Amino acid sequence: MAHLSRVGSSGRLAKSGVLGAARSMSTAWWRHVEPAAKDPILGVTEAFLADPSPKKVNVGVGAYRDDNGKPVVLECVREAERRIAGNLNMEYLPMGGSVNMVGETLKLAYGEDSDLIKEKRIAAVQALSGTGACRLFADFQKRFSPDSQIYIPVPTWSNHHNIWRDAHVPQRTFHYYHPESKGLDFAGLMDDVKNAPNGSFFLLHACAHNPTGVDPTEEQWKEISYQFKVKGHFAFFDMAYQGFASGDPEKDAKSIRIFLEDGHLIGCSQSYAKNMGLYGQRVGCLSVVCEDEKQAVAVKSQLQQLARPMYSNPPVHGALIVSTILSDPDLKKLWLKEVKGMADRIIGMRTALRENLEKLGSPHSWEHITKQIGMFCYSGMTPEQVDRLTNEFHIYMTRNGRISMAGITTGNVGYLANAIHEVTKSA
């Protein structure tokens, strides 16, 4: 009995030791995980919200605000919501998303009377806003052109780098912004296009370049398109601001139309976050122009296959809002009026900020504020000057000097101009 007792005791001890080791291993699974670095854009908003100062100003966030600094829900969106409420549908969308929404979205990018649409040469799927469209294309590029790389402008929206990195597509850069002129480095851009290996992939901002607000002229776009044709490059356009840049969706799509007129087979990401204010609905579209209908069918099927393990199918509500607005002539007319109103307010704030700085006797030229376009102004301020704006004046923006013009109002533009003058006058 004593012997059996000792065996039972040692067995229990051994079992206990094994379980203890297993528990120790299981609790150690994530000990090596370090906190992720804060997003440079979203971190600005976090710091702004934590600041108790009544003077604080947030010109970091890329979301439209009215002249009282409040978020806006467009009237066309409210009316679309009212119509949808009477006919709710919570069923799954197909993997490719809402056919109606995608169809109306293609008309915006490619034109109401586009031959490409009539010939069914565009493979297109609904995507999770512009970010999701870019990521879906990046994965498509990796799967079907595995040895390729992507050329990304310097600078660009910071998330572009994350998207192609996580899709395991090697990245190269090309010249875009000229710090001294605060404009386009067209010569550097063209040299990089010419020197890139034939058949390279390039990421281009269709309009309202983020973060600089610097766009090529129509003539420059024509030269870029010509050189792409010579080199056999593929252009992927990220169009996050159609209509929001100039107030005219047709004008803002001019870069894409130039490439199409030259016979390019392009890719395009579209988003309704900015131009319809549907930030939280995550509704967008990815399209790829193909040689013929058969190729478009094949490409769309592969885009859907890529989407399937990511999210199965896209959300329905935002797509319903968009298709309701764009398929109704009166609602579309109201949307065009409202998006022009948003663009005009941004343009007006550019003029006001520049005029205030000039009235203060700034020794610097601020004409780039009104030359740039879209939601953002690339101010030219240094990280140290931005830090002073935050620490001394409670003004929040990304440290690259990017100002979200949507955060400027008639009520704070004077305060902002004075603060900018204080931190830049001796530079």
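The following legends describe close-up views of a predicted model.

Residues are numbered from 1 along each chain as its sequence is written. In this predicted model, local features require pLDDT of at least 70 and side-chain atom pairs pLDDT 80 or more, while totals for chains, interfaces and linings use all residues, and side-chain values use heavy atoms, without hydrogens and water.

View 1. Helices (H or I, at least four residues) and strands (E, at least two) are DSSP runs numbered from the N terminus; two strands pair if DSSP finds at least two bridges between them.

**View 2. Pairing of strand 3 with strand 7.** Strand 3 (residues 150-154) and strand 7 (residues 201-205) are joined in the parallel sense by two bridges. Y151 has F202 of strand 7 as its bridge partner.

**View 3. Packing of helix 4 with helix 11.** The axes of helix 4 (residues 99-110) and helix 11 (residues 254-261) come within 8 Å and cross at roughly 80°; axes are lines fitted to C-alpha atoms, for helices over the stretch in contact, and angles run from 0 to 180 degrees between N-to-C directions. The two helices, helix 4 and helix 11, are therefore roughly perpendicular (65 to 115 degrees). From helix 4, K107, L108, A109 and Y110 meet I256, R257 and L260 of helix 11, where contact means heavy atoms within 4.5 Å.

Technical notes:
Angles under 35 degrees count as roughly parallel, over 145 as roughly antiparallel, 65 to 115 as roughly perpendicular and the rest as oblique.
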